Amino acid sequence: MRNQVTFTSQFMSSSILWFRQDLRLHDNEALLEALRNADELIPVYIFDIKPKRISVSRLRFLIESVIDLRHQLRSFGSDLIIRSGKPDEILYQLALDTKSQLVYCNRERTREEVDVQDRLEQKLWSIGRELRYTRGKMLFYTADLPFPITHCPDSYINFKKEVESIIPIRLPLEVPDEIPGFTMDIDPGQIPQIKDFLSVTGEDVKVCFSGGETEGLEILDNLNLPSKSGAVFSDGKMLSPWISMGCLSPKKVYHISFSVRSGGEEIRQHLLYRDYLRLIGKKYGDQIFYASGTKGVKPVFKSNNEVFNLWKSGSTGVSIVDAAMHHLNRTGWIPDVMRKTVASYLIKVLKLDWRLGAAYFESTLIDYDPCSNWVSWLNLAGVGPDSRDDRVIHYDLVGKKLDPDGSYVRMWTS
C-alpha cells in the first residue's frame, strides 16, 4: 500500500534529493543546488541491495553511514526518507506523491548505475518532472581538465604530468547553514538491518571501520595522532572506505592533507590516481568489464571453480596470499600492495579469469568503487590501457619482503 502524503500548501515547491554515493553534508553540490531551487527539500536514500554482490562488512559500513546521515539531517530539523527496492520506481512514485518538480542526484558513470538514471529520467519526463545531475566524486572538475574525457591519457604517468601541480583543486563546498524540514506527512521509513538482506550466521567478521561522515571527519582530524599500531597491515585506518562511500569529499581530504605531518603526499597521490581510474572508466565505458578489456584481445585463462574457491578462502598454500585473503574476508579491506599481490597471483599463477577476482573484490571491499576496482584489475591482467610488462613473481619472496617477521601472516591465519 502506497504511503499517503498530505500538503500544508499547494503553492510550495518541493524537490527530492536522492543520496547515492555521496552520504555527507559537506561539499555536497546536489544538496546546495536543491536547497537553492526549492521551498522544501525531501532527502531520500534507497537500499538497492544485491545480496550476492555485497559482504557483511560492506553492508554494515553502508548502514552505519546512512544512520549517521539521517542523524545529521534530523539535527537540522529535516529527515532522511528510507526505502528499499528499485530507485527509479520509488523516486518516480515519490515525485508524484509529493508533487516534486525536480529530483537531484550525483551522476554515476558505469552501466548499471547509468541504466537506473536513464529509467528514472524517462519516467520523470513522462509526468513533466526533471532529473538534475551534479558532480562530487572526483578531485577535479572535468571542466578544469586540459583535455576532454575521450582524450584522457591512457598512461597514468602522462595523466599525472598533464594535471598535477598545473590544475588547481577547488575548495570544498561548506555545509549549509540551514536544511529546513519538509511539511509533508511522509513516512520516514526504517533503516534496515544486515539480517534483512544477508544471513550472518557463523560469520567470522572483525569490525575495523565505522561508517558515516561523522566518523570519517574524526579520522581525518586525527591523522596527525600516533597510530595505534606501527604496522600498516594491522592498523588499517585508511581513508578509502569513507571516500568511496561518499562520507568524505576528495577535495576536503586533499586540502587537509597539506596539514598532515606524515603521509600527506601519499594521500594526494591516492586521490590523483583515483581520478585517473574514474576518467578511464568514463572514457572506455563498458569495455572495462570485458574479458578483453580495452585491448580487444581476450586473454587465455583456465576455468576451475575449485582453485578459485581456494583463492577466495585463503587456502592456496602461499602464506602471504592466504593471509591477505583472510584479512579481506574478515574486515572488507586490505592495503593496496596486498590487493596487487593476491590479484596478480590469481592472474599469473592460477591463470584464472581476472573478472572472477574483480567481481569478488566488488562484493567484499568496503571501499569498492566500480572504476577503481575494474580498471585496476584489467591493468594487472594486461588488458587495460596502462598495463605493465608481465613479470614472473616469486610469492614466497614477496611475503618475506612485505612481512619479514611473519607477524601479518600469524595475525590473519592463526
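In this predicted model, the side chain of Ser55 reaches the backbone nitrogen of Arg58 at 3.2 Å. Ser55 is located in the loop that lies between strand 2 and helix 2. The points below begin with this residue and then turn to the strands, the nonpolar cores and the cysteines.

**Ser55 and its surroundings**

- Ser55 counts as buried because its relative accessibility is 17%, and the limit for a buried residue is under 20%.
- When residues up to four places away in sequence are not counted, Ser55 touches Leu198, Ser363 and Thr364.

- Strand 2, which spans residues 40-47, is mostly covered, with eight of its eight residues buried.
- Glu40, Ile42, Val44 and Ile46 point one way from strand 2, whereas Leu41, Pro43, Tyr45 and Phe47 point the other way; all are buried.
- Strand 1 (residues 14-19) and strand 2 run parallel and are joined by six bridges. Within this pairing, Leu41 of strand 2 is the bridge partner of Ser15.
- Between strand 1 and strand 2 the chain passes through helix 1 (residues 29-36), in a β-α-β crossover that is right-handed.
- Strand 2 also runs parallel to strand 3 (residues 81-84), to which four bridges join it. Here Val44 stands opposite Ile81 of strand 3.
- The chain then crosses from strand 2 to strand 3 through helix 2 (residues 56-75), and this β-α-β crossover is likewise right-handed.

- Strand 4 comprises residues 102-106 and is mostly covered: five of its five residues are buried.
- From strand 4, Leu102, Tyr104 and Asn106 point one way and Val103 and Cys105 the other way, and all are buried.
- Four bridges connect strand 4 with strand 1, and the two run parallel. Ser15 has Leu102 as its bridge partner in strand 4, while its bridge partner in strand 2 is Leu41.
- The bridge partner of Cys105 in strand 5 is Tyr133.
- A right-handed β-α-β unit is made by strand 4, helix 4 (residues 111-126) and strand 5.

**Nonpolar cores**

- In soluble globular proteins, nonpolar side chains tend to be buried together.
- The largest nonpolar core has 95 residues, and of these Phe159 and Trp311 touch the most other members.
- Leaving aside neighbours within four places in sequence, Phe159 is in contact with Phe140, Phe147, Cys152, Pro153, Leu272, Tyr276 and Leu279.
- Another core, of 19 residues, lies apart from the largest one, and its members include Ile42, Ile90, Leu91 and Met184. Ile42 is also one of the buried residues of strand 2.

**Cysteines**

- The structure holds zero disulfides.
- Cys105 is in no disulfide, and the nearest cysteine sulfur, that of Cys371, is 16 Å away. Cys105 counts as buried because its relative accessibility is 0%.
- Cys247 is also in no disulfide; the nearest cysteine sulfur belongs to Cys208, 17 Å away. Cys247 likewise counts as buried, because its relative accessibility is 0%.
- For a disulfide, the two cysteine sulfur atoms would have to be within 2.5 Å.

Technical notes: Residues numbered from 1 in each chain as written. Predicted model: local features only at pLDDT ≥ 70, side-chain atom pairs only at ≥ 80, totals over all residues. Heavy atoms only, no water. Buried < 20%, exposed > 50% of the residue type's maximum accessible area, 1.4 Å probe, protein only. Pairing = 2+ DSSP bridges. Right-handed = clockwise from strand over helix to strand, strands pointing away. Core = buried A, V, L, I, M, F, W, Y, C linked by side-chain atoms within 4.5 Å. Contact = heavy atoms within 4.5 Å. Polar contact = N/O pair within 3.5 Å; in protein donor to acceptor, adjacent residues only side chain to side chain.
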